[in-house]
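Hello! Please keep the viewer open as you go.

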Amino acid sequence: PAAAFVGSKFGSIKLYGKKTLEGTGAFAIVTCLATVAYLSLFYEMSATDMALISVTGAITGAIAELYCTFVDDNLFVPVATGAAVTAVMGQFDIVPKSAAWR
């Protein structure tokens with residue numbers, strides 16, 4: 001919803017089809033912030049690992065949402081994002097430890 005709202009209200013730079021730079025940027029920012037909030041609440045990990053996961057997910061999700069025209073993006077975006085984040089976690093040996101409720 002953030003990408004659609006920002007893109008339709010403030011979007012002026014077209015990237016692909018009806019998608020705008022402003023909407024894609026809003027998607028990436030909201031995704032990154034939501035991921036940081038989620039990881040902060042439920043996992044113990046370094047800030048570097050958290051940033052790497054959050055930025056990877058946000059950029060992958062934004063690109064997938066931008067170019068997804070052949071299937072429903074509600075299916076494609078989470079799958080693409082999950083695959084990218086899983087690959088990064090494997091590549092950098094990131095194993096989050098579940099955080100006990102404080």
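1. Let's begin with helix 2 and helix 3, whose axes lie 8 Å apart and pack at an angle of about 145°. Axes here are lines fitted to C-alpha atoms, for helices over the stretch in contact, with angles running from 0 to 180 degrees between N-to-C directions. The crossing of this pair is right-handed; a crossing gets that name if the near helix is turned clockwise from the far one by less than a right angle, and is left-handed if anticlockwise.

2. On the side of helix 2, the contact includes Phe27, Thr31 and Leu39, and on the side of helix 3 it includes Met50, Ile53 and Glu65. Contact means heavy atoms within 4.5 Å. By class, eleven nonpolar, seven polar and one charged residues make up the contact of helix 2 with helix 3. Ala, Val, Leu, Ile, Met, Phe, Trp, Tyr, Cys and Pro count as nonpolar, Asp, Glu, Lys and Arg as charged, and the others, Gly among them, as polar.

3. A word on what you are looking at: this is a predicted model, in which local features need pLDDT of at least 70, side-chain atom pairs count only at pLDDT 80 or more, and totals for chains, interfaces and linings use all residues. Residues are numbered from 1 along each chain as its sequence is written, and side-chain values use heavy atoms, with hydrogens and water left out.

4. Helix 3 (residues 47-67) also meets helix 4 (residues 73-91): their axes come within 8 Å and cross at roughly 145°. This crossing, too, is right-handed. Among the residues making the contact are Leu52, Thr56 and Ala64 of helix 3 and Phe76, Ala84 and Val88 of helix 4. The classes here are ten nonpolar, five polar and two charged residues.

5. Leaving aside neighbours within four places in sequence, Thr56 is in contact with Ala84, Val85 and Val88.

6. Ser12 counts as exposed because its relative accessibility is 58%. Not counting residues up to four places away in sequence, Ser12 touches Thr20 and Glu22. From C-alpha to C-alpha, Ser12 and Met50 are 32 Å apart in space and 38 residues apart in sequence.

7. The largest pocket holds about 470 Å³ of space. A pocket is an open set of points on a 1 Å grid over the protein atoms alone, where a 1.4 Å probe fits, with protein on both sides within 12 Å along at least five of seven lines; lining residues have an atom within 4 Å of a point. Of its 22 lining residues, Pro1, Ala3, Ala4, Phe27 and Glu65 are the closest to the centre. The lining has eight nonpolar, nine polar and five charged residues.

8. Finally, the overall picture: the chain has four helices and four strands, in the order α-β-β-α-β-α-α-β along the sequence. Helices (H or I, at least four residues) and strands (E, at least two) are DSSP runs, numbered from the N terminus. Buried residues make up 30% of the 102 residues, and the C-alpha atoms fill a box of roughly 45 × 25 × 20 Å, taken along the principal axes.

How values were computed:
Grid points are joined across faces, edges and corners, and a volume is the space filled by probe spheres set on the points. Buried means under 20% relative accessible area, exposed over 50%, partly exposed in between (1.4 Å probe, protein chains only).
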